[in-house]
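Let's take a walk through this structure together. Have a look at the fold below, and then we'll start from its inside.

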Amino acid sequence: MFNLVLVNPQIPNNTGAIGRLCVNAGASLHIIKPIAFDIDEKAVRRAGLDYWEKLDLHVYESIEEFFQMNKITDNAYFATTKTDRPYFDAGFKEGDFIFFGSETAGIPEDILNTYKEQNITIPMTKEGRSLNLAISTGIVLYDAIRQNYNRFKEVS
């Protein structure tokens with residue numbers, strides 16, 4: 001139903017857990033290189049358990065290749081700590097792309113600026129600066145499913 005996009009992921013365990021999440025949520029996973037590990041690395045497979053083979057996985061050599069192969073307009077949201085717009089104010093639609101940046105750098109600033117109206121964040125207290133990537137993807141993806149639950153029930 002949805003497309004999770006990881007821009008330059010750094011931690012194999014997070015990517016494995018996100019792959020497992022995608023299988024259970026009926027989402028496709030798009031990974032944009034460079035990444036800090038081999039996609040076949042044991043830690044990715046361990047975190048993804050036996051779900052990895054069931055994953056609808058798309059891997060791109062660069063962000064440019066991703067944008068050449070996928071038409072991104074108002075069908076995408078970009079998760080960042082650099083906005084005040086909470087994710088639950090977004091009106092997710094089936095097929096939307098939900099972008100998450102690397103654990104260390106986030107989504108590149110030029111992309112956030114290009115799609116400024118589509119930037120979303122997960123509200124947090126002032127005590128924290130960010131959440132774990134796998135947890136963040138789960139929070140946002142399942143709100144998108146909640147908003148489209150009748151369709152989710154049809155396709156699951």
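**The cores and a helix pair**

Of the 32 residues in the largest nonpolar core, Leu 4, Leu 29 and Phe 92 touch the most other members. (A nonpolar core is a set of buried Ala, Val, Leu, Ile, Met, Phe, Trp, Tyr and Cys residues joined through side-chain atoms within 4.5 Å; buried means under 20% relative accessible area, with a 1.4 Å probe and protein chains only.) The model is predicted, so to speak of local features takes pLDDT of at least 70, and side-chain atom pairs count only at pLDDT 80 or more, while totals for chains, interfaces and linings use all residues. Residues are numbered from 1 along each chain as its sequence is written, and side-chain values use heavy atoms, leaving out hydrogens and water.

Who supplies this core? At least two residues each come from strand 1 (3–7), helix 1, strand 2 (28–32), strand 4 (76–79), strand 5 (97–100) and helix 5. (Helices, H or I with at least four residues, and strands, E with at least two, are DSSP runs numbered from the N terminus.) Helix 5 gives the most, with 6 residues.

Now zoom in on Leu 4: beyond its neighbours within four places in sequence, its contacts (heavy atoms within 4.5 Å) include Ile 18, Leu 21, Thr 137 and Leu 141. A second, separate core has 15 residues, among them Val 5, Phe 78, Phe 99 and Ile 111.

Finally, the axes of helix 1 (residues 12–25) and helix 5 (residues 133–147) come within 9 Å and cross at roughly 15 degrees. The two helices are therefore roughly parallel (an angle under 35 degrees) to each other.

Definitions and conventions. Axes fitted to C-alpha atoms, helices over the stretch in contact; angles between N-to-C directions. Parallel < 35°, antiparallel > 145°, perpendicular 65-115°, else oblique. Buried < 20%, exposed > 50% of the residue type's maximum accessible area, 1.4 Å probe, protein only.
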